[in-house]
Amino acid sequence: MLRRALEVLSSLRLTVLLLGLGILLVFLGTLAQEPMGLYLVQERFFKSFFVDQIALSAAIRKGAHLLAIHMAPLPPEAYMAGPRIPVFPGGYLLGGLLVANLLAAHIRRFKFSWAKSGIFLTHVGLILLLLGQLFTDVLSRESQMSFREGDTRNYSEDFQKHELALIRDVEGTDRELVVAFPGTQLKPGAEIRHERLPFVLKVRQQFENADVRRRAPMVDTNREPAATQGAGPRFVIDPQPLTLEMDKKNQPAAVVELTGTSGSLGTWVVSPFLREQDLEGPAAGWRVELRPTRYYEPFSLKLLRTTHEDYRGTKVPKNFQSRVELDNPVTREKREIDIYMNNPLRYGGLTFYQFQMGREQLEAGGRGTSALQVVRNPSWLTPYFSTVLVFGGLMVQFLIHLVGFLGKRGRRAGAAATAGVSGAV
Amino acid sequence: MKRWLPWVVAVVAIGWSLSHLRPARDTGIAVSEFGRLPVVFNGRLQPFDSVARNSLLQIRGKQTLREEGKPGTTTAMEWLLELMATPEKANARKVFRIDHPDLKALFGLPLEANEAAGDDGKHYSLDQLSLKFEGLREQSSVARSKEAVLRTPFEQAVLKLGDAVTLYLRLQNTLKPVNSQDFEADLVRYREVIPAGTEAFRERMAGRPFDTNALTGALNFAQQYLAMHGMEPPLVVSPHHPERERDNWMRTGEALLESSFPVALLRHLINEERIAEDEVDRLVEQAGTVPLHPSLPLFGKLTTAYAKGDVATFNSTLTAYRGTLTGAYDRELSKASQEQVFNRAQPFYTAMVLYIAAFLLACGFWFASSEPLRRTAWWLVMTAFVVHTAGLIARMWLEGRPPVTNLYSSAVFIGWGAVGLGLILERIWRNAIGLAVAGILSFASLIVAHHLAQSGDTMEMMRAVLDTNFWLATHVVIVTLGYAATYVAGFLSILYVLVGFSRRTMTPEFGRSLTRAVYGIICFATLFSFTGTVLGGIWADQSWGRFWGWDPKENGALIIVLWNALILHARWGGLVKERGIHLLSIAGNIVTSWSWFGTNMLGVGLHAYGFMDAAFKALMAFVVFNLVVIGLGYLPRPGRTNLAPAR
C-alpha cells in the first residue's frame, strides 16, 4: 500500500497532472483579478491550499464576460462572505505536491549520471525557487514611506493594516511613548486596555470602510455627530462599501468610548482621515489616532530633494528621483543617496524603491512629495540562485540532446544525401 | 523548372528591396526635403515625415491619402505640409475615417459613395465634421466617464474620432497660428507693436498711466499665440543654446511669446498657473527685450510662400532654414534624415511580401517536388530575413534601444526569431518545412505588427519604470524568443496534421523528423520562456521589490513555461506519442497567444495596453482555428504510422 502510494507520488503522470492543474489555477486566478482585486486573488488562489467556490465563480463570470456572455459580477461583499467550500486545489497544495513529487521521483528512481546532471540541476533550482517564494510569502513585508521635502522619517507604513495608537510625549525629550493596538482588535464591544495606559477604551462602533467628513451646515442637520468629544462633534461618518480595486484603499473608522472611575467621559471618532486628537480626564496628556500600522527602524531618512522629469512636450514620466539623507545614530552613518526607478536603496535588511511622486498643489512652488516602497524580504536572493541553476541545468541537458542528435544525423548523412528530400519521389 | 530560377528570383527580390532606399526627388515644392527636418513630438526627436505618417495612420488608418473623384495619391508629408501652411485648404480633404453608422448619423454625414461630391461613404473632411463639434464633445465626455471595458463600440468610435480631431487641431498650429492667413506679414506687424506694447504693460503693472491702444495691439497677438501654444502642437523651434540645453525644443507659440510676454507670465496673470512673485517681477522687467528666434521669420516666409504657390521662395527658404540648424544641430539633422530613409524603405512591409511569396513557393514544392522551387523559396526567405534584420537594426539604432520595447516591436521580433529557427530547420531537413513555417509565421506576425502600428508612433518613449536597456535587452528579448519558439513548434505541428492528409508527402520518416524538430524546439522554448520569465521577476524585484506579483502578464508567461514543461514530462513519461506531442504543441499556440495578447485585454495589470476589441476577435478566431486543427488531428487516416499499420 505504502509502496503503491510512493509509486503514484513519484510518477510522471502526477507531474503532468499537477502541471495541468497549475496552468488552470494560474489562468483562473488571472481571470478573477479584475473582479476580486489582486490582493484577494493572491490570498484565495495562490497563497492557499484550496480555491473556494466563490473565488472560482468570480473567475468563471469574468471569463464568460470576455466571451460576451453576460453574467453580472458578484458584489464586493460577496467575496468576503462564507461559507467557503473548497472546489479546486490552490497554489500551496499544487506547489507542495510538485515538490513532493520531485523529491519522491529523485529518491525512488533517479540514478545520478552525467547524462542526467542537467535535469538534476534544473530540479534543484526549481525546488529552491518554490521554497524561496514560500519564504517570501511568509517572511516578506511591504510598506510605504511617504514624506515631503525636508521631512525626516524613521518609520514606514503598512499598505493594508491599521493600528489604534495612543501617544504621549515623554517629558524632557523629543520622543513619544506610543502604545499601539492592531486594527483587528477594534471589534464592537471590545475593550482596549494596557498596563501602560491609565484608562480603558471601549469600542462602540466599527467600520471596515468609511468616509469621515465635516458636517455640512445645511445638509447634515439631521445627522448624528460622529462622536461627542475631540473632532467628533464636527464630523459625520459615511459608511462605504468595501472596495477591492487595486488603486483604492479601505479606510476604517471606529468610535471609542473613554471610561474612567466615574463612568463614561464621552466618545471619540478615529479614522485615518483625522489627525491625533487629545483625550481628557484620566487620559489627559494622551492623544489617540487610527493610522496605518507603522514599522519603526533604528535609522532615519530625510527627503532632501525630489526630481520629476517628463519627456519634453508630453506627460510621459521620464524620471522620478528622490535624494535622501540616511542617518543612523547607532553606526554613525550619515550620507546622501539618490533613489530612482530601477535603482533602489538596500539598507538594514530593507530595500527602498522609488514609488510615487507629487507636489503640494496648495501654493506656488509647493514642496515636492515622494513615496518610497519599503520591502523587507530575507529570501530575495533565492530567485537569482535558482535562475542560474535552472538555466545551467537546461542548457546542459539540451546540449547533451543536441550533440547526441547531431551525432546520429552525421552517421545517417551518407544515406540521406540522395534520398534526403522527403516526399520527393 | 530550370536551375536559373532561384537566381533570377533572388536578384529581382534584392533589387526590389534596395529600390526602396532610392532617395525621393522633389519636383516643385520640396516636400521630402521638408520631411527630413527635425521636430520633437511624443517626447522624441523625429523627422516631420514620421509625424506626418503616424498622424495620418491614426486619423485615416493609412500612410497615404487617396480621395474619391480626385486623381493621384497624396503622401502623408504633402498632406501635413498643407495642413500646417494652408489649413483652410486641408480642411476640405476627406481624411477622417469613420465606420460606425451611428457616428455618421450623429454628424449627418453621407453614407453612400458619391463621386461627384467626392464622398466615398467612409472618409470625411474636417469641414464636414466641424458643425457638430459640440455633439462630439458631449458624446466623448460620456464615453470617457466610463471604464474602458464597459464602453460600447459606438463610444469607442466616438473616442477614436475625438482623438483624431484633437491630433489634427494640434498639428494645424505647428508652424503658425491656424487663423493667420499671411504669417509673414503678421510677424512684421507683431515686431512693430512689441516695444510700445510691452512698455505700456510695464507701466500698467507699476500702476502708472499707460497707452491702452498699444497694450491691446500687443495683447491681441499674445492671446493668439498663447492659444496656439495651448493646443500642444509639435515642438519645432530649436533651443537657444545647443551646448547646454539640447533637448529644450520649443513650440512656435511659446517661442513667439518669448519676445513679448512669456507663457509663464501670461498664465500667471490669467490665474492658470502660479509662479513666485519675484519671478513675475523679473519677467515683467524682461518683457520685450528678447529678440525674435531666428527660425520664426523663416516659418513666416515658408508658410506664406506655400500659400501663394511660390515654389522658388519656399525652396530657397527651406535651404536657408536647414542652414540655420547646420553646425549646431548636425546630430539632430542626421538622425531625422536617417529616420526618413527608414520610413520610406518600409523594411518590414518588404519582408512581409517576400515571406508570403516564399511560403507559397514552399507549398508548391510539396506538390511539384521541384528542387528549384525550394531553392527559390530559400533565397526569398534569406532576402526577407536580411531586410527584416536590417529593419530591426535600424530601429535599434534610431531608438537607442534593444529590439523589443513595446507590443509592436515584439510582433516584429517574434517573426524574426521564427525565421531564424525556420532557416536552421531547413538547413537540417531541406524539405521546405522550415521555409513554410518561417514564411507563414513571419508573415502573420508582421501583419499583426502592421495592425498594431495603426495606434500611432511605434518608437514611443519608455516610461520611467521601463527605461532600462539592460532588462529590455535580457528579459524582454529572451521571453519574446520563447514566444517565437513556441509558435514555431505549434506551426510545425499544424503542418504535421494538415500535410498528414497527403499520404504521399507524410511518410513515416517525415513524420518522425517533424516530431524530433517539434520536441527540440519545445526544449528550446522551455529554456527561453523559463529564463525570460524569471529574469522578468528579477527586474520586478529590482524595480519595486516584488519578484512575483501575479500580474496577468507574468501569469501568462508562467503558463507558457508550465505548458512546455507539461509537454516534455508527458513525453518522458510515455503519456503521449508522436500525435499527442503535436496536438499539445498546437495548443501551445493558444497558450502563447493568450500570454502575448489575451492578458492585455483584461483591463488590469501593470502591463496592460488597453482593451483591443478587434484584436480580441482576431485572437478568438486564431484560438478556434487551432482547436479545429487539433480536432482534425484526431481523425483517423490510413498510412499514419501510429494509428494503423501502413498499408
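**Figure 1. Chain B, taken as a whole.** In chain B, residues 24 or more positions apart account for 73% of the contacts with a separation of 6 or more; two residues are in contact if their C-beta atoms, placed from the backbone, lie within 7 Å. This is a predicted model, in which local features need pLDDT of at least 70 and side-chain atom pairs count only at pLDDT 80 or more, while totals for chains, interfaces and linings use all residues. Residues are numbered from 1 along each chain as its sequence is written, and chains are lettered from A and ligands numbered from 1 in the order in which they are written. Chain B has 26 helices and six strands, which are DSSP runs numbered from the N terminus (helices: H or I, at least four residues; strands: E, at least two). Along the principal axes, the C-alpha atoms of chain B fill a box of roughly 110 × 60 × 55 Å. Of its 647 residues, 48% count as buried; a residue is buried if 20 or more other C-beta atoms lie within 10 Å of its own, exposed if 12 or fewer, and partly exposed in between, with C-beta atoms placed from the backbone.

**Figure 2. The nonpolar cores.** A nonpolar core here is a set of buried Ala, Val, Leu, Ile, Met, Phe, Trp, Tyr and Cys residues joined through C-beta atoms within 7 Å. The largest one holds 149 residues, and those touching the most other members are Ala358(B), Ala377(B), Leu380(B), Val381(B), Val488(B) and Leu492(B). Helix H22 (residues 469-499) of chain B gives this core its largest share, 18 residues. If you look at Ala358(B) and set aside its neighbours within four places in sequence, you will find it in contact with Ala377(B), Leu380(B), Val381(B), Ala384(B), Leu435(B) and Gly439(B). A second, separate core has 71 residues, including Ile59(B), Trp79(B), Val95(B) and Leu129(B).

**Figure 3. Helices H1 and H19 of chain B.** The axes of H1 (residues 5-19) and H19 (residues 371-399), both of chain B, come within 8 Å and cross at roughly 20 degrees. Axes are lines fitted to C-alpha atoms, for helices over the stretch in contact, and angles run from 0 to 180 degrees between N-to-C directions. H1(B) is therefore roughly parallel to H19(B); angles under 35 degrees count as roughly parallel, over 145 as roughly antiparallel, 65 to 115 as roughly perpendicular and the rest as oblique. Their crossing is right-handed, where right-handed means that the near helix is turned clockwise from the far one by less than a right angle, and left-handed anticlockwise. Among the contact residues are Val9(B), Ala13(B) and Ser17(B) of H1(B), along with Arg375(B), Trp379(B) and Thr383(B) of H19(B). The contact divides into 10 nonpolar residues, three polar and one charged; Ala, Val, Leu, Ile, Met, Phe, Trp, Tyr, Cys and Pro count as nonpolar, Asp, Glu, Lys and Arg as charged, and the others, Gly among them, as polar.

**Figure 4. Where chain A touches chain B.** The contact takes 55 residues from chain A and 57 residues from chain B. Elements of chain A that give two or more residues to its side include H2, helix H7 (117-139), strand E17 (350-359) and helix H8 (382-419). The largest share of that side, 14 residues, comes from H2(A). By type, the chain A side divides into 29 nonpolar, 22 polar and four charged residues.

**Figure 5. Helix H2 of chain A against helix H24 of chain B.** The axes of H2(A) (residues 12-36) and H24(B) (residues 552-572) come within 9 Å and cross at roughly 165 degrees. That makes the two helices roughly antiparallel, and their crossing is left-handed. The residues making this contact include Leu19(A), Ile23(A) and Phe27(A) of H2(A), and Leu562(B), Trp563(B) and Leu566(B) of H24(B). No charged residues take part in the contact, which divides into 15 nonpolar and eight polar.

**Figure 6. Two loop residues of chain A with positive phi.** Most residues other than glycine have a negative phi. Arg332(A), however, has a positive phi near 60 degrees; this residue lies in the loop between E14 and strand E15 (333-340) of chain A. Arg332(A) counts as exposed because it has 7 C-beta neighbours inside 10 Å. Asn342(A) also has a positive phi, of about 65 degrees, and sits in the loop between E15 and strand E16 (345-347) of chain A. With 17 C-beta neighbours inside 10 Å, Asn342(A) counts as partly exposed.
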